[in-house]
Amino acid sequence: MDEHSSSSTSTTIAPSNSTPHHFPKRSSRWSTILLAYKTLGVVFGGLVTSPLYVYPSMPLMSPTEEDYLGIFSIMFWTLSLIGVVKYASITLRADDQGEGGTFALYSLLCRSMNIGILPPKKSATSSTNNVYEGDMKPSKLGKIFEKSMVARRVLLFISILGMCMLIGDGILTPAISVLSAIDGVRAPFPQFSKAMVEAVSAVILIFLFLLQKYGTSRVSFLFSPIMGMWTLTTPLVGIYSIVKHYPGIFKALSPHHIVMFFLRNGRIGWLSLGGTVLCITGSEALFADLGHFNRSSIQLAFMFTIYPSLVLTYAGQTAYLIRHPNDHNDGFYKFIPTRIYWPMFVIATLAAVVASQSLISATFSLIKQSVMLDYFPRVKVVHTSSIKEGEVYSPEINYILMILCVAVILIFGDGKDIGNAFGVVVSMVMLITTILLCLVMIIIWRTSPVLVFLFFFTFFTMEGVYVSSVLTKLLEGGWIPFIISFILAFIMFGWFYGRQRKMDYELTHKIDIDRLQLMLSDPVLHRVPGICFFYTNTQDGFTPVLGHYLNNTKSLQKIAIFTTLRYLLVPRVAPNERILVTKLGLRGIYGCTVQYGYADSLNHEGVNFVDQVYDRLEVFLKESSDEDEISELEEAKNAGHVHVRGKTRFYIGRNSSWFDRTMLAFYEVMHNNCRSSLPALGVPLPQRLEVGMLYEA
């Protein structure tokens, strides 16, 4: 088995039929409410802190009362349609085994059609893996994707772009949230320089990233009171501002004001959408964080706390700005009454820190999904909860995000540039989610074409207009997420291409049972005493590394157990299902599948691993009443055992194309520096044997 193959502690493989994916999500009303309260500390950060930086991003130089009414109307309907209807009501239902995000939608589509890029993973997927799968015949659109490689590559490209953009959001959200909050100190203290604001923001973010190792649940328990205060105090200030400055603000809920706003302002009104789109930032994290909290708790928290809080806060800000039209460059802190300025500053700063958490945890989920599908180099993924499979933390990703967030603040300290980049990310990810969700509706849910058309037309039009507006800011900071996405996409494509080429080689050079029998019958090859655990990931045959091993050593232990590690989407695998053994048709040749869940630790079971396999194999042979093989097994155990795994590399010859030379060389660099896929199993070093083999590119 290649030491960097697809079965790993940080890679999720489709579960077998024998074990369910999830524990039933049955909870009392109060436990759901409690969980909804905890979601405040993680899921909605970008949304709830958006009042800090929406109005400063407005391009209108001298806005009038009617302009502000139009802007508030745009934000209200954007929040209502995209936040409530699209994400909270529809998108959250498109989870993939409890996971959310654009790559979860892609995974859902892949497993519902025969478009898996890596065949072994597709073939390992049970027909019961998802509630949308079953005996349904493929839809017409699904058949198009199955037959067209171009369509499949376009779908993959869109999904990768969406994931890369959302990871870029995970870099920009912490930067702009904390920077905007700390910048509030400059109003009462003008001597507090911009450089000092950037330095304090960087220190706060570093502290936040150091907390991530404690897990989402603990962090959310700590942060939820802060978000509770924020979602309570800001709408109260908003109500006060409405009563004092402009009680008739809610007449702006009429879409008539939107039409008049664009007729009056023309191109400037269109450009202003680059600022108003930030009112919905964080909505994708609402979906991507689905692996950390269940759907009901997210919907409950959003509908009854976040949504009304945002509407009242924006209404209050708008009411203040109608009476003070030139204060829009600091629209949040200016509308805070002087007497409560400092308490609100403290709450805003703390809330900005929490806001960063939503995208950080969403990034962890996205990276885990990418590693699971073998589209990203293996990084360490730690499950921080024994009851929630989607709650994960990655040390490497955490510190990379920390460095990039601090770099964005120190290099692009101007909040306006970061806001422009932020707008690009938000609108692009929303648009990509709409496209993928429409495919889910058609191919999996079999939704009425009329409803799909209404959904697509409404949201694609809205988000398309937003995208067209924010792209005008490409040279003013909007290029930042594209650079981040390009780098991430290059990494993902390089890894994917190398994995695909390796899989293709293994499938075309795999050893079948007849060839293995012929090799073992060669008089030059000796069957030596002992047990050999040969780690493999090849299905319906044996890995080509086995042939390389036999040709060079001219020997094989009398008992050879071809072992595959399989990760299941459950916390723990029952002891009687942990190790599955079978006979592979030749004397002394057996197959062994070791199944484990995300809360199981294989690294501490190595002392008993051999004994467990031996006991299982002995029971299996007794059931088949084969006394001779039981005797051979006992002798082999007494003779000792060795663990063999492959360590494969590409041989890039002169005849290889420049594309192969470039991409496979890049893959090898990542391959050599990523984590091993094979858990240590506690196997002592003297009993480990690595077999190197070159795969011809």
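The legends below describe close-up views of a predicted model.

**View 1. Overall composition of the protein.** The protein contains 25 helices and eight strands, taken as DSSP runs (H or I of at least four residues for helices, E of at least two for strands) and numbered from the N terminus. Of its 697 residues, 59% are buried, where buried means under 20% relative accessible area, exposed over 50% and partly exposed in between, with a 1.4 Å probe and protein chains only.

**View 2. The largest nonpolar core and F332.** This core, a set of buried Ala, Val, Leu, Ile, Met, Phe, Trp, Tyr and Cys residues joined through side-chain atoms within 4.5 Å, has 150 residues, and those with the most contacts inside it are L109, I280 and F332. Helix 17 (residues 415-445) supplies the largest share of this core, 19 residues. Leaving aside residues up to four places away in sequence, F332 touches P51, L52, W230, T234, Q317, M344 and A348, a contact being heavy atoms within 4.5 Å.

**View 3. A nonpolar patch on the surface.** L471, L474, L475, W479, I483, F486 and I487 together expose about 720 Å² of accessible area, by the Shrake-Rupley method with a 1.4 Å probe, only the protein chains shown counting as cover. L471 lies in the loop between helix 18 (449-470) and helix 19 (474-508), and is partly exposed at 37% relative accessible area.

Residues are numbered from 1 along each chain as its sequence is written. Local features need pLDDT of at least 70 and side-chain atom pairs count only at pLDDT 80 or more, whereas totals for chains, interfaces and linings use all residues, and side-chain values use heavy atoms, leaving out hydrogens and water.

Technical notes:
Patches are made of residues with over 30% relative accessible area and no salt bridge: like charges are joined within 9 Å, nonpolar side chains (Val, Leu, Ile, Met, Phe, Trp, Tyr) within 5 Å. A salt bridge is a side-chain nitrogen of Lys or Arg within 4 Å of a carboxyl oxygen of Asp or Glu.
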